[in-house]
Amino acid sequence: MDTVTPTKLSPASGTYQPKGQLIGGKWIGSVSGKVITIENPGKKTSIAQVPHAGAADVELAVTAAEKAFPSWKNVVPRERGKLLLKIAEAMEARVEEMARTIAMETGNALRTQARGEAKLAADIFRYFGGLASELKGETVPLGESVLSYTRREPLGIVGAIIPWNAPVMLGALKIAPALCAGNVLVMKAAEDAPLAVLMMADITNEFVPPGVLNVITGYGEECGGALANHPKIRKLSFTGSTEVGKVIMRAAAERIVPVSLELGGKSPSIVYPDADEDWAVDGIINAMRFTRQSQSCTAGSRMFLHEDIFDSFLAKLEKKVTALKIGDPLDEASDIGSIINNKQYTKVCKYVQDGLDRSDARLVFGGLPPKTGPLSEGYFTMPTVFADRSNDWRLAREEIFGPVLVAIRWSDEAEAIRMANESHYGLAAYVWTHNIGKGLRAAHAIESGWVQVNQGGGQTPGMSYGGYKQSGLGREFSLEGMLDSFTQRKSVTVNLAV
Ligand code: ADP
């Protein structure tokens, strides 16, 4: 992927072309001069080059952020908020360009995914822009001769590392609250999808002083590792795999730096016998994120179906899912785009092969992708469902990050909940029933940071989002998330008797 020789680039029309990485308000190349070539996974073509940043680039970015911090933290919060609102407006004005860029670099379909992500990112800036006044402290009643109060102060330089699956949404979720609270930021974009994040940085840079937001582009261990271990970083915010989350947490432990982790999932969906209906099938398709190739940490990839409706529900699901159109992410007609890269594509295919090889598992629909024809021109995979095995095989335990759903039969409610909780993950969950009492009892019994009843939607600004167990630590997306993750409390106690 790394190259210094000119590569023929063929970006899609109306997409953002990068100018370098953003350090101290300027667009610059990497210190080494090396670049990373970015691929369009829907066509397997090279579309752009970005700097290949390493430890020296991290150093420059941290220095720029350090310089910017003293004055940024003293900007009156409401004024910082107003800047975020202006960024939201400027992003909205360029939603289409951002959406096309996301579709081109991630393979996520423009109509069903990328456009919504670009709009949501602008909305995240708007939401946090309106919250600047809420960075309030408290007074402590210690008697008439003492004034004791708390202040919410920024932490300083935040080191943020984001993945490729929803890069702009996940980037906005860190940039907006961190800056609102008066922090400065060094963000490492994912090596597979940095372009729309650079575009978001470009827009943000028009409104905030140099060095307040720095975005660098490099590989995981080399660049992300240097950022996580930099002694001047005062807070780490990471979204990605549980495996790398542990590495980040170890780096944080070395320096007693607070850390937020939004990690993997293997989220259960429990379908009750009264939900054998079209709305529940549509909801399951949404919850499984089939139109995002299921490259989502909240994908409801373990479906616990009541035995009375097992076959009828699967038949309905097959009819609806196989009607979805897989194809060029930039084509408005496509419902489903492509997997991000060859590595993930190969990994997903191996899981499918594993399912096909098991004589005790039944392929309901889907399977391996075609080796010839238009779908072989990109990393396209087929939505796939396996049935008849229990909760204990590899496909039901490991995060596949691809469109492979396992259907597991249940008859006893307590057993269904026990199986749902039998995972080291606990990010999201879904419950499907008309019986609201049952639905809510299940929602309360499931060990997950987010349970949806009778819907399978995505996150909305305002909800505290984050995982239980090995799915993460801390919450983002909300006012509480901003206060807990991006501020520290100081107590000031004053003797009034003097
Ligand atoms: P994914 O499988 O979704 O790519 P990763 O956890 O591997 O998830 O990557 C998420 C982000 O973490 C990416 O920006 C990646 O470059 C970065 N990353 C990967 N390995 C490391 C590491 N050892 N240290 C710091 N960052 C890393």
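A: Ala, Val, Leu, Ile, Met, Phe, Trp, Tyr, Cys and Pro count as nonpolar; Asp, Glu, Lys and Arg count as charged; the others, Gly among them, count as polar. Please note that this is a predicted model.

Q: With those classes, how does the shell around the ligand divide?
A: The shell has seven nonpolar, six polar and three charged residues.

Q: Which residues come nearest to the ligand?
A: Of the 16 residues around the ligand, the nearest are Ile 162, Trp 164, Lys 188, Glu 191 and Ser 241.

Q: How much of the ligand's accessible area does the protein cover?
A: On its own the ligand has 550 Å² of accessible area, and the protein covers 82% of that.

Q: Which secondary structure elements supply at least two residues of that shell?
A: They are helix H7 (220-228), strand S11 (235-239) and helix H8 (242-255). H7 gives the largest share, four residues.

Q: What is the volume of the largest pocket, and which residues lie nearest its centre?
A: Its volume is about 1,100 Å³. The lining of the largest pocket counts 39 residues, and Trp 164, Phe 238, Gly 240, Ser 241 and Val 244 lie nearest the centre.

Q: Which elements give two or more residues to that lining?
A: H7, S11, H8 and helix H11 (342-357) do. The largest share of this lining, six residues, comes from H8.

Q: And the lining by class?
A: The lining of the largest pocket has 17 nonpolar, 12 polar and 10 charged residues.

Q: How many cavities of 30 Å³ or more does the structure hold?
A: The structure holds three. The largest cavity has a volume of about 80 Å³.

Q: What lines the largest cavity?
A: Its lining includes Gly 265, Lys 266, Met 288, Glu 399 and Phe 401. By class, the lining of the largest cavity has five nonpolar, five polar and two charged residues.

Conventions: Residues numbered from 1 in each chain as written. Predicted model: local features only at pLDDT ≥ 70, side-chain atom pairs only at ≥ 80, totals over all residues. Heavy atoms only, no water. Near = heavy atom within 4 Å. Areas by Shrake-Rupley, 256 points an atom, 1.4 Å probe, with all protein chains shown as cover. 1 Å grid on protein atoms, 1.4 Å probe; cavity = no way out; pocket = protein on both sides within 12 Å on 5 of 7 lines; lining within 4 Å. Points joined across faces, edges and corners; volume = space filled by probe spheres on them.
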